[in-house]
Every structure is written in C-alpha cells, then in structure tokens.
Amino acid sequence: MAKRLHTHYDNLKVARDASPEAIRSAYRVLCKQYHPDQNSHPDAHRIMSLVNRSYQVLSNPDSRRAHDRWIEEQILASQDGKISSPMPGGFRKVQEPLPYATLAAWLAVLTMLIFGLAYYAALQRQEAPVVPQDNIPVRQR
C-alpha cells in the first residue's frame, strides 16, 4: 500500500485550491483550538508549531507555489515509492537505534560488580560477625 502524502494543506485542514482568506480563517480557528495557553494537551505546542509553519508557507505566494511544485513532484515520485518530508532538514528528530551490545556489556559489568560486592560482604561477615558468638561472655549488670 502506498504511503499517504501529508502536506501543509492537511495541517491547516484546507483544500489545495483554497483562497488566502480561507487559509487565514482555518489558521485562526486552529490557533484558538490548539494554543498551548488554552489547550492542556501535551502535544499542543508541537501542533501549534506545525500550524504556524504551515501558515507561514501557505500565506506567502512564492513559498506556496514551491510547496505545490513539491507536492506534484512527490505525487510523481510516489509511483516509485520515494516520498520525502515537506519540512526542512533537521525539523524532525531521527531516532537512532539503541546500541544493544553496549547496553548488554554495561549490564554484565554492573552485575559482576554487584556480585563482587556481595561476595566481599559475605567474607567480611565470616571474619568479623556482627552477632556476638556464644563463647564470648556477656557483661553482667
């Protein structure tokens, strides 16, 4: 199944042929709905940054034309299965895979350290027990 293309028009919930007034109106509605001061949702800040970026692109005629060209390129490229992001590079964080070998090595070292300390504590208790032995006389009152 083909991956769906997500555009700035989708972020503002408007059609591609929307007028500048419709874009401005949709932007204002979304600002009232998702502004972090009025919405306690944990992702409200992220959603507002997407809405602001989308409005910035679609309100400028030059950047809107460039975005429309990008959409057309992506539609053509989607036939090959190559879709890129409309956001500038570095906008989204790329998560690196966890280094399982490094984590396993640190876990092994930590386990050996804990067992070593437990063994050392056991040796110390054998040499000098905490509880008095029966052969040691208890002081009389």
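**Exercise 1.** What should the 16 residues of H3 span, and how far apart are its end C-alpha atoms?

*Solution.* The model is predicted, with local features requiring pLDDT of at least 70 and side-chain atom pairs pLDDT 80 or more, while totals for chains, interfaces and linings use all residues. Residues are numbered from 1 along each chain as its sequence is written, and side-chain values use heavy atoms, without hydrogens or water. Helices are DSSP runs (H or I, at least four residues), numbered from the N terminus. The expected span is 1.5 Å times one less than the number of residues. For H3 this gives 22 Å, and the end C-alpha atoms lie 22 Å apart, so the two agree.

**Exercise 2.** Classify the aromatic pair and locate its rings.

*Solution.* Rings of Phe, Tyr and Trp (its six-membered ring) pair if their centres lie within 6.5 Å, and planes under 30 degrees apart count as stacked, over 60 as edge-to-face and the rest as tilted. The structure contains 1 aromatic pair. Tyr27 and Tyr55 have ring centres 4.0 Å apart and planes at 15 degrees, so the pair is stacked. Because Tyr27 belongs to H2 (residues 20-34) and Tyr55 to H3 (residues 44-59), the pair ties together parts 28 residues apart in sequence.

**Exercise 3.** Is Tyr27 buried or exposed?

*Solution.* Buried means under 20% relative accessible area, exposed over 50%, and partly exposed in between (1.4 Å probe, protein chains only). Tyr27, at 18%, is therefore buried; Tyr55, at 19%, is also buried.

Technical notes
Helix = DSSP H or I, 4+ residues; strand = E, 2+ residues; numbered from the N terminus.
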